[in-house]
Amino acid sequence: MLITNATLVNWSPRKIASNRALLIRDGSVAEIGASADMVERYPAETIYDARGRYVMPGNICAHTHFYSTFSRGLAIPGAPPRDFPEVLRKLWWPLDRALTAESVRLSVLVSAVDAIKHGTTTLFDHHSSPNAIDGSLDVIASAIEQAGLRAVLCYEVSDRNGAEKAEMAIAENARFLKAARDRQNIAATFGLHASLTLSTDTLMKCVGASDGSGFHIHVAEHEADQENSVEREGVRVVERLYRAGILDGQTIAAHGIHLDPWEISMLRTTGTWVTHQPRSNMNNGVGAMAFDTMMRGGVNVCLGNDGFSNDMWAEWKAAYFLHKVVNRDPRAANGEYVAFAATAFNAQLARLFFPRTQLGELASGHAADLIMLDYHPFTPLTVDNLPWHAIFGFESDMISATMVNGKFLMWDRVLLTLDEASIAAEALAHAPEVWARYAANVAAG
């Protein structure tokens, strides 16, 4: 196909070009040129007219939880949680134990609808369903493939549900690391919950089963993670993970809030990827990572959403404002840093897991993962001020088309691979069962 009359935007390297056409073949951008010239040269191609809209690489989410879908509107019984450990005990752990394979499938489909509408084309999911472990990553992968998105999947290993469930979780990761090799838009890593719910014995079993794949783990999201590690092991979390062989250039450390300078240095030295989820951090009251310090210091900082909506521009805005408030400094989390984390670093991370696919840039030979933005700026938009237009001007409802691997998943705001109304109806009918199991789990303690 030919996408014509596009205003092409690339983030890294930063470029804006008007009146462009993109020739899409075999899932990739085959050629880019002047729109009129491309139409003349390729008269047989199906034409999609961008009508001057901005066409840019699809957004990437570096850390999410599809399984959190059924938490929306869920009332936590009793007094509100006082801190993050209580949030885990009162909300997330009873909820993940309430999920069946069908709950998992619907969670992914609801999340996929949200991702397509919000222009998020690649997602790194971190899954947990302790009573539906075996084959759960296949369920997720199949739903993602149905939607047409890209995803990197893992299962969360934890000792909190007993030794048998931990062994099952290890086996699910190990199995899927091999199974994912046969799936075009699906990749895998090895999931770990957090240091505070993992014994050294379990950690070492995970290292042995990971086959050098790297890990996806929550790190120092709350002080409790550090307190637990020091009390049990005599060292802080990052050093514990380093000694266990967890940290390297393939590993994703989510959150990284309560770290000391030495730990930040270790993350930089090992090339570990740190993901920032500002909306979740604010919601849970856990604090704010040292975003500017990490960015200045050369840590690989990416942007995720921790299961919030897949509107990644909302995450940009949250990051931009959060650190200004926390530091009482309007210079904190400048737009260039936020944009670089969300685009360049996120794309570099995605390319690690899809090494044969050039993601994050629209150029000849690169993946045709793109979005169209119906944005009409009333001040000049240039390569220099693009991040601030994104933060103060871009809104998710301006996205009119989403493409992955050369296939439109949405065109002119109409979903093409998923039936949103049908999925919403199924999820709505299923939710009372999940909530009833959740309530029973809370009551059982």
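Select helix H2 (residues 84-96) and helix H15 (residues 420-444) in this predicted model: they pack at an angle of about 120°, with axes 9 Å apart. Helices here are DSSP runs of H or I with at least four residues, numbered from the N terminus. Axes are lines fitted to C-alpha atoms over the stretch in contact, and angles run from 0 to 180 degrees between N-to-C directions. The angle makes H2 oblique to H15; angles under 35 degrees count as roughly parallel, over 145 as roughly antiparallel, 65 to 115 as roughly perpendicular and the rest as oblique.

The H2 and H15 crossing is right-handed, meaning that the near helix is turned clockwise from the far one by less than a right angle. Show side chains for Lys-90, Leu-91, Pro-94 and Leu-95 of H2, and for Val-434, Tyr-438, Asn-441 and Val-442 of H15; these make the contact, defined as heavy atoms within 4.5 Å. By class, this contact has 6 nonpolar, 1 polar and 1 charged residues. Ala, Val, Leu, Ile, Met, Phe, Trp, Tyr, Cys and Pro count as nonpolar, Asp, Glu, Lys and Arg as charged, and the others, Gly among them, as polar.

The model is predicted: local features need pLDDT of at least 70 and side-chain atom pairs pLDDT 80 or more, whereas totals for chains, interfaces and linings use all residues. Residues are numbered from 1 along each chain as its sequence is written, and side-chain values use heavy atoms, without hydrogens and water.

Next, select helix H6 (residues 200-209) and helix H8 (residues 237-244), whose axes come within 10 Å and cross at roughly 50°. That makes H6 oblique to H8. Thr-200, Leu-203, Met-204 and Val-207 of H6 meet Arg-240, Leu-241 and Ala-244 of H8. The classes in this contact are 5 nonpolar, 1 polar and 1 charged. The crossing of H6 and H8 is right-handed.

Now go to Asn-284, in helix H10 (residues 278-284). Asn-284 is buried, at 13% relative accessible area; buried means under 20%, exposed over 50%, and partly exposed in between, with a 1.4 Å probe and protein chains only. Beyond neighbours within four places in sequence, Asn-284 contacts Phe-84, Val-87 and Glu-221.

Finally, colour the largest nonpolar core, where Leu-149, Leu-192, Trp-316 and Phe-394 touch the most other members of its 122 residues. Such a core is a set of buried Ala, Val, Leu, Ile, Met, Phe, Trp, Tyr and Cys residues joined through side-chain atoms within 4.5 Å. Helix H13 (residues 335-353) gives the most to this core, 9 residues.

Methods: Helices (H or I, at least four residues) and strands (E, at least two) are DSSP runs, numbered from the N terminus.
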